[in-house]
Amino acid sequence: MLASIYLNKKTKTAPLAVFRIFFGLLMLVSIVRFWWYGWIDSVYVQPKFYFPYYGFEFIKPLGSWTYLLFAICAAASILILIGYKYRLAMISFFLCFTYIELIDKTTYLNHYYFVSVLSFLLLFLPLNAYFSVDSYKNKKLRSQTTPKWTVDSIKLLIAIVYIYAGLAKINSDWLLHVKPISIWLSTKTDFPILGGLFRLSWVHYFFSWFGMLYDVFIVFFLLYKPTRGLAYFFVVTFHLLTHALFPIGMFPYIMITSGLIFFDADVHDKIITKLSYVSRISKSAYVFSQDNKFKDLYSAFEKKIIAVILSIFFLIQLLLPWRYLMYPDELFWTEEGYRFSWRVMLIEKVGLTTFTLVDKNTGKRFEIRNSDFLTDFQIKQMSTQPDFILQYAHMLRDHYIEEGLKPEIYVESYVTLNGRLSKEFIDSKINLANENETFAHKKWIVPFNETIKGL
């Protein structure tokens with residue numbers, strides 16, 4: 001009964017229109033930025049080998065055709081921005097952007113994952129029902145109201161990102177030893193005005209504790225109207241500062257603009273009015289007739305289907321970050337269950353990994369030069385992540401089988417985690433050519449033998 005009452009609640013459509021505009025604009029900037037800096041070529045065209053996600057090996061690199069995927073994403077972003085052919089544009093963006101991200105997990109970042117899951121969510125929301133080309137051309141699409149859950153679902157996804165990121169920071173390395181934040185801040189002493197403070201221990205503790213408290217509680221302050229304005233000031237300040245200090249791309253701007261969804265619809269109406277004035281768009285694009293002020297945007301059947309899909313979607317988002325509990329040993333060391341869990345900037349790992357091939361036909365052994373097969377960025381990522389190491393070992397095995405050898409692949413790997421002394425990472429006696437990739441724990445990872453307390 002309560003669920004039925006909630007699903008029938010209405011709110012103004014303006015927040016969805018504002019969210020659509022800023023989402024489309026930021027995605028366009030992101031795509032152009034990636035293209036401008038030549039990263040399409042260096043990340044997706046030049047590499048000789050790619051690290052696919054387990055279970056998604058069918059996603060293949062496209063070489064120079066990758067530019068087409070980025071072009072489609074850019075075109076789709078423009079269409080999303082103006083709200084033209086919105087559903088087709090969002091589907092195209094989601095599929096192309098997600099395909100790009102699945103090509104090589106070397107490029108995995110939390111905000112890329114966020115964009116993919118957010119894009120999926122937005123497929124089911126009527127972001128073109130207001131202040132869009134679609135609603136201008138087809139007045140039947142235009143509506144002043146939308147089901148309240150369409151706005152709340154975006155808030156819920158943002159809340160999951162923040163709160164899970166905050167809970168992940170409740171660990172002894174972050175709060176008690178202020179690692180890795182102290183490592184990073186100590187390299188920023190030339191930062192304007194604040195740089196001198198980054199040498200001080202108490203400043204490291206302040207950043208660590210404030211970062212945790214911010215992530216855990218900021219959504220609640222955004223939801224509460226009396227504190228919303230001050231909370232959004234902290235959102236803007238926090239993300240601009242992190243952007244200035246750390247190279248995390250467009251993520252700060254995505255979170256700053258996403259935070260607007262927590263404001264009342266009247267605020268978004270004012271934003272729409274400003275945008276209309278600046279862009280000189282006629283009011284006829286967003287003025288409602290009496291017939292389409294309060295229309296129902298979904299049929300009863302559509303409501304049921306979407307309710308099922310989004311229930312599964314959010315259940316996955318709530319449960320997936322906890323899968324690390326199924327694995328033994330320290331999460332930050334093995335990284336089994338680390339990705340897709342909103343663990344943001346928690347570890348600083350540096351590794352040195354050497355691969356040795358032994359030919360069983362002749363008994364000869366020789367050391368592999370990683371730069372013959374991988375880019376510098378891939379080598380860096382591979383050297384600290386066990387699944388990368390296994391995939392690379394399998395690639396070497398297959399490569400040298402084609403050369404007529406019968407290879408065994410052994411690894412000597414040493415890794416430092418959050419400023420600790422370097423220690424052995426992979427069991428050097430294990431022939432990785434014979435190890436299979438599964439979701440099970442990788443027993444050839446040398447145990448961490450330390451405890452990082454926390455969630």
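An open sheet of 4 strands, in the order β4-β3-β5-β6 and with antiparallel pairing, is present in the predicted model. Strands β4 (365-367) and β6 stand at its edges with a single partner strand each, so one side of each is left without a neighbour in the sheet. Neighbouring strands are turned by 30 degrees against each other on average, direction ignored. Helices (H or I, at least four residues) and strands (E, at least two) are DSSP runs numbered from the N terminus, and two strands are taken to pair if DSSP finds at least two bridges between them. The model being predicted, local features need pLDDT of at least 70 and side-chain atom pairs count only at pLDDT 80 or more, whereas totals for chains, interfaces and linings use all residues. Residues are numbered from 1 along each chain as its sequence is written, and side-chain values use heavy atoms, with hydrogens and water left out.

Strand β5 (residues 407-417) pairs with β3 in the antiparallel sense over 11 bridges. In this pairing, Thr353 stands opposite Ser413 and Thr354 opposite Glu412. On β6 (residues 423-426), β5 pairs over 3 bridges, again in the antiparallel sense, with Val415 opposite Lys423. The β5-β6 hairpin has 5 residues between its strands, and Asn418 in the turn has a positive phi of about 50 degrees. Of the 11 residues of β5, 9 are buried (under 20% relative accessible area, with exposed over 50% and partly exposed in between; 1.4 Å probe, protein chains only).

Helix α18 (residues 386-402) packs on the sheet, touching β3, β4, β5 and β6, and its direction makes about 155 degrees with that of β5. Contact denotes heavy atoms within 4.5 Å. Axes are lines fitted to C-alpha atoms, for helices over the stretch in contact, and angles run from 0 to 180 degrees between N-to-C directions.

Helices α12 (residues 225-245) and α13 (residues 251-258) pack at an angle of about 175 degrees, with their axes 9 Å apart. The two helices are therefore roughly antiparallel (over 145 degrees; under 35 counts as roughly parallel, 65 to 115 as roughly perpendicular and the rest as oblique). Residues of α12 including Tyr232, Val235 and Leu240 meet a set in α13 that includes Pro252, Met255 and Ile256.

Ser341 lies in the loop between α16 (331-334) and β3 (349-359). This residue is buried, with a relative accessible area of 2%. A polar atom of its side chain lies 2.4 Å from the backbone oxygen of Tyr338. Leaving aside neighbours within four places in sequence, Ser341 is in contact with Tyr164, Pro321 and Arg323.

Technical notes: Polar contact = N/O pair within 3.5 Å; in protein donor to acceptor, adjacent residues only side chain to side chain.
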